[in-house]
Amino acid sequence: MSQRPSMAARRKARRLALQALYQWQVSSSPVNQIEAEFIADHDMTKVDGEYFSEVLRGVPTSLTELDKQIERFTDRPTAEMTPIELAILRMGAYEFMHRVDVPFKVIINEGVELSKVFGASEGHRYVNGVLDKLAQALRAPEVNAGRQPKS
C-alpha cells in the first residue's frame, strides 16, 4: 500500500494543476494533451501525480456545476474573471465538492497562496472571500465545527 503524499508534493501538484488549467482555459487544447505535456516537461517525482491528474481532469468535467457554485458568491460572471483567479476558484470549488479528505482551511490557504504568486496584486483578497463563502456553503458542518468554542 502506498503512503500518503507529502504536503509539499500536494502543493506542487496544485501549482502545476493551476498552470495546466490556465493553459486549458486560454488555449482550449484538450486536457489529455495538456496533461501529457506537463508530465513530459516537469519533474513529477516530487509531485502528487494522482492529485494533479484528478484536479486537471475533474475541473473540466465538473465545469458547469463549479461555475454555478462560484457565481453564487461573486460580483461578476466567470467569463469576466481573470483566468488565474477563475482557475483557482474552480480548483477550490472542485476540492470542496470532491476531496472531502482535504480540510477546508487547507483549500482556502492554498488558493490564496497560489493567487499571491500567480494572480493580480490584490487578487488574493477576492479569492479568499469567494473561497470562504464557498466553504461555508459546501462544507458547512466542517466550517461550523471549526468555529465552535472549545470547552
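Trainee: By class, how many nonpolar, polar and charged residues are in the lining of the largest cavity?
Mentor: In this predicted model, the lining of the largest cavity consists of Arg14, Ile88, Met91, Gly92, Glu95, Ile107, Glu110, Gly111, Leu114 and Leu131. With Gly counted as polar, sorting these residues by class gives five nonpolar, two polar and three charged.

Trainee: What volume does the largest cavity have?
Mentor: When the whole structure is searched for cavities of 30 Å³ or more, one is found. The volume of the largest cavity is about 50 Å³.

Trainee: How are H1 and H5 oriented to each other?
Mentor: Helix H1, residues 7-27, packs on H5 with the axes 9 Å apart and an angle of about 120° between them, and the crossing is right-handed. Angles of 65 to 115 degrees would count as roughly perpendicular and those over 145 as roughly antiparallel, so H1 and H5 are oblique.

Trainee: How many nonpolar, polar and charged residues does the contact of H1 with H5 have?
Mentor: On the H1 side the contact is made by Arg14, Ala17, Leu18, Leu21, Tyr22, Trp24, Gln25 and Val26, and on the H5 side by Pro83, Ile84, Leu86, Ala87, Ile88, Arg90, Met91 and Glu95. By class, this contact of H1 with H5 has 12 nonpolar, one polar and three charged residues.

Trainee: How do H4 and H5 lie to each other?
Mentor: Helix H4, residues 63-71, packs against H5 at an angle of about 100°, and their axes are 9 Å apart. Because angles of 65 to 115 degrees count as roughly perpendicular, the relation of H4 to H5 is roughly perpendicular.

Trainee: Which residues of H5 does H4 meet?
Mentor: The residues in the contact of H4 with H5 comprise eight nonpolar, one polar and three charged. From H4 come Leu63, Glu65, Leu66, Asp67, Gln69 and Ile70, and the residues they meet in H5 are Leu86, Leu89, Arg90, Ala93, Tyr94 and Met97.

Trainee: Why are H2 and H3 described as they are, and which term applies to them?
Mentor: The axes of H2, residues 31-41, and H3, residues 49-61, come within 10 Å and cross at roughly 160°, in a right-handed crossing. In H2, Val31, Asn32, Glu35, Phe38 and Ile39 meet Phe52, Ser53, Leu56, Arg57 and Pro60 of H3. Because angles over 145 degrees count that way, the term for H2 and H3 is roughly antiparallel.

Definitions and conventions. Residues numbered from 1 in each chain as written. Predicted model: local features only at pLDDT ≥ 70, side-chain atom pairs only at ≥ 80, totals over all residues. Heavy atoms only, no water. 1 Å grid on protein atoms, 1.4 Å probe; cavity = no way out; pocket = protein on both sides within 12 Å on 5 of 7 lines; lining within 4 Å. Points joined across faces, edges and corners; volume = space filled by probe spheres on them. Axes fitted to C-alpha atoms, helices over the stretch in contact; angles between N-to-C directions. Helix = DSSP H or I, 4+ residues; strand = E, 2+ residues; numbered from the N terminus. Parallel < 35°, antiparallel > 145°, perpendicular 65-115°, else oblique. Left-handed = near helix turned anticlockwise from the far one by under 90°. Contact = heavy atoms within 4.5 Å.
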